[in-house]
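I opened the model today and kept notes as I went.

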Amino acid sequence: MSSRRGVGLSAFQNRTNLSSQYASHGASLRSNHASSLQNQLSVFQSLLHNFALQHGDTIKSDPTFRAEFARMCNAIGVDPLAGSNVKGKSGSKGKGSWWAQTLGGDVNDFYFELAVRVVELCRATRGENGGLIGVEECRERVGKGKGIGGGMDISDDDVLRAVKSLDPLGSGFSVVVLGSRQMIRSIPKELNTDQSTVLEAIQVLGHVTCSMLEDNLGWSNARSETVIQDLLADSLVWMDAQASETEYWSPASMGLNDF
């Protein structure tokens with residue numbers, strides 16, 4: 001029995017040593033892999049920096065090219081509006097954003113100017129749409145320069161990035177998705193599930209009535225009336241009392257960019 005016991009303890013010790021060797025080898029592989037990925041990332045960032053310098057004028061002037069360039073930046077972990085560059089954050093302290101360092105202040109200032117115009121537009125139209133405006137409509141109205149000076153050649157991606165640049169300010173501006181549309185919300189109040197459902201239904205059907213909500217969603221009359229009244233109070237829907245049953249329309253889905 002002592003002989004068998006000795007073999008068992010020896011086997012146990014061997015398994016322990018083997019497990020330790022596997023763990024050590026695995027840690028070494030992970031370290032080498034991480035180092036290799038870091039080197040590749042540094043190379044990509046350096047190439048991206050050179051690409052930005054070579055095509056700087058096109059990035060500044062072409063909205064589509066600018067959007068694709070920004071996506072390349074994000075793919076390798078470079079936020080153009082953040083205070084970082086290809087050498088790392090420690091080397092860029094106090095020097096502004098990566099775009100400002102690479103292409104000069106023009107592109108960086110462009111996004112902050114666009115953010116200001118988006119804020120101005122949202123405030124100017126809040127009485128029309130209750131603080132909820134489509135990204136496409138915002139782009140068109142800013143592009144035409146309605147009520148805020150000259151127009152700007154921009155894309156939907158530019159508008160989304162401009163809104164994102166407002167996050168550090170705690171401005172209450174955010175992008176929400178209703179159905180298939182991206183909307184800019186300029187009021188801090190959150191939409192609840194029922195309100196979002198009604199706005200999505202209006203987007204699809206054009207308008208809703210309380211009976212439509214009750215028949216299609218199985219809501220009670222009290223629930224339908226409550227959510228509609230909440231949306232009316234926030235100017236997120238308009239009321240048409242001329243039909244046989246009162247209809248409710250969303251100004252954000254009515255093409256107000258033509259106003």
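I count a contact when heavy atoms lie within 4.5 Å. On that basis I looked up contacts in the protein chain with a separation of 6 or more, and residues 24 or more positions apart account for 55% of them.

Ground rules. This is a predicted model, where local features need pLDDT of at least 70, side-chain atom pairs count only at pLDDT 80 or more, and totals for chains, interfaces and linings use all residues. Residues are numbered from 1 along each chain as its sequence is written, and side-chain values use heavy atoms, with hydrogens and water left out.

Overview. I find 10 helices and 5 strands in the protein chain. These are DSSP runs numbered from the N terminus (helices are H or I, at least four residues; strands are E, at least two). Of the 259 residues, 37% count as buried. Buried means under 20% relative accessible area, exposed over 50%, and partly exposed in between, with a 1.4 Å probe and protein chains only.

Helix H10. I took residues 221-233 next. H10 has 13 residues and reaches 18 Å from its first C-alpha to its last, close to the 18 Å expected at 1.5 Å a residue. The expected span is 1.5 Å times one less than the number of residues.

Which residues of H10 are buried? I list Ser224, Val227, Ile228 and Leu231. Seen down the axis of H10, they fall within an arc of 100°, so they line one face of the helix. The arc is taken from the directions from the helix axis to the C-beta atoms. Exposed Ala222 and Ala233 sit on the face turned away from the buried side. The cover over the buried residues includes helix H8 (193-205), helix H9 (210-217) and strand E5 (247-249). Just after H10, I noted a positive phi of about 60° at Ser235.

H8 against H10. The two pack at an angle of about 80°, with their axes 10 Å apart. That makes H8 roughly perpendicular to H10, a label for angles of 65 to 115 degrees. From H8, Asp194, Gln195, Val198 and Leu199 meet Arg223, Val227, Ile228, Asp230 and Leu231 of H10. I sorted the residues of this contact into 5 nonpolar, 1 polar and 3 charged. Here Ala, Val, Leu, Ile, Met, Phe, Trp, Tyr, Cys and Pro count as nonpolar, Asp, Glu, Lys and Arg as charged, and the others, Gly among them, as polar.

Leu166. I found Leu166 in the loop between helix H7 (156-164) and strand E2 (174-178). Leu166 is buried, with a relative accessible area of 8%. Its C-alpha is separated by 9.4 Å from that of Val119, 47 residues apart along the chain.

Terms used:
Axes fitted to C-alpha atoms, helices over the stretch in contact; angles between N-to-C directions. Parallel < 35°, antiparallel > 145°, perpendicular 65-115°, else oblique.
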